[in-house]
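Subject: Structure for you to look at

Hello,

Here is the structure I promised to pass on. My notes on what was found follow below it.

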Amino acid sequence: MSIFDTIGSAVSSVASKAFKGVKSTGEKAVKGVKRSGEKAVKGLKQAGFNKNFMRSFQKGLAKGGRILQAPQKFIRKNDPLAKKFGAFGDLSPITLASSIALAPITTTGFLEELAGSKKKQKKLRSGDADTITDLALAPLSYLPAGGASKGAKLGSKLASRGIRALGRFF
């Protein structure tokens, strides 16, 4: 036996042991991942994440949206002056003030209801004018009071500077 045979058999022995170790570690890791995955799926099912989760989530979203809109609807319905104003009941001081004060909350409720309600989405797709108008005007409720006037001032300054700059070229 030569020295190379001894070294070769030692390397072969160490390599086979290392291979067995890597193989068994890989098998244990795969089993652990499978068990963890099974436990995660089981836990999600217990928490309510099943095949009906998305439907339940949408129902909850729509209901939450309707709840956020409830204070404004309640005020509009029970405002005594609005009843006297008739068709222009939304211009009653109580209804108008509450509408302005509750606009961000009511708009958030409208957007949530739209996101969760298939009926509202269908109305929007079909071209219902009220739904389209509500959606188009919804972002305006998030503007701070006086934000429009500040934007107009900034726009006029930018326009006048732009006109002056163009005047230099001509």
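Helices (H or I, at least four residues) and strands (E, at least two) are DSSP runs, numbered from the N terminus. With those terms, aspartate 90 is found in the loop between H3 and H4; more on that residue below.

This is a predicted model, in which local features need pLDDT of at least 70 and side-chain atom pairs count only at pLDDT 80 or more, while totals for chains, interfaces and linings use all residues. Residues are numbered from 1 along each chain as its sequence is written, and side-chain values use heavy atoms, with hydrogens and water left out.

Overall picture

The chain has 8 helices and 0 strands, so read from the N terminus the order of elements is α-α-α-α-α-α-α-α. Of the 170 residues in the chain, 13% are buried (buried means under 20% relative accessible area, exposed over 50%, partly exposed in between, with a 1.4 Å probe and protein chains only). Taking contacts (heavy atoms within 4.5 Å) between residues at least 6 apart in sequence, 55% join residues at least 24 apart.

Confidence

The mean pLDDT (the predictor's confidence in each residue, from 0 to 100) is 77 for the chain, and 66% of the residues reach 70 or more. Where pLDDT is low, the predicted coordinates should not be read in detail.

H6 and what follows

Helix H6 covers residues 118–126, and the count of buried residues among its 9 residues is 0. Glycine 127 comes after H6 and has a positive phi, near 95°. Aspartate 128 forms a salt bridge with lysine 123, with the closest N and O atoms 3.8 Å apart (a salt bridge is a side-chain nitrogen of Lys or Arg within 4 Å of a carboxyl oxygen of Asp or Glu). Both partners are partly exposed: aspartate 128 has a relative accessible area of 25%, and lysine 123 has 34%.

The other salt bridges

The whole structure holds 3 salt bridges. One of them joins arginine 66 and glutamate 113, whose closest N and O atoms are 3.8 Å apart. Arginine 66 belongs to helix H2 (residues 53–78) and glutamate 113 to helix H5 (residues 103–116), so this pair ties together parts 47 residues apart in sequence. Arginine 66 is partly exposed at 40% relative accessible area, whereas glutamate 113 counts as buried at 7%.

Arginine 76 and aspartate 90 also meet through their side chains in a salt bridge, at 3.3 Å from N to O. Arginine 76 sits in H2 and aspartate 90 in the loop between H3 and helix H4 (93–101), so the pair ties together parts 14 residues apart in sequence. Arginine 76 is partly exposed, at 39% relative accessibility, and aspartate 90 is partly exposed too, at 46%.

What else does aspartate 90 touch? Leaving out residues up to four places away in sequence, aspartate 90 touches Thr95 and Leu96 as well as Arg76. Aspartate 90 and aspartate 79 are 11 residues apart in sequence, and their C-alpha atoms are 9.6 Å apart in space.

H2 against H4

Two packed helices are described by the angle between their axes and the distance between the axes. H2 and H4 pack at about 170°, with their axes 9 Å apart (axes are lines fitted to C-alpha atoms, for helices over the stretch in contact, and angles run from 0 to 180 degrees between N-to-C directions). That makes H2 roughly antiparallel to H4; angles under 35 degrees count as roughly parallel, over 145 as roughly antiparallel, 65 to 115 as roughly perpendicular and the rest as oblique.

On the H2 side the contact is made by Gln72, Ile75 and Arg76, and on the H4 side by Ile94, Thr95, Ser98 and Ser99. These residues divide into 2 nonpolar, 4 polar and 1 charged (Ala, Val, Leu, Ile, Met, Phe, Trp, Tyr, Cys and Pro count as nonpolar, Asp, Glu, Lys and Arg as charged, and the others, Gly among them, as polar).

Phenylalanine 85

Phenylalanine 85 is in helix H3 (residues 80–85). Not counting residues up to four places away in sequence, phenylalanine 85 touches Leu91, Ser92 and Pro93.

Regards
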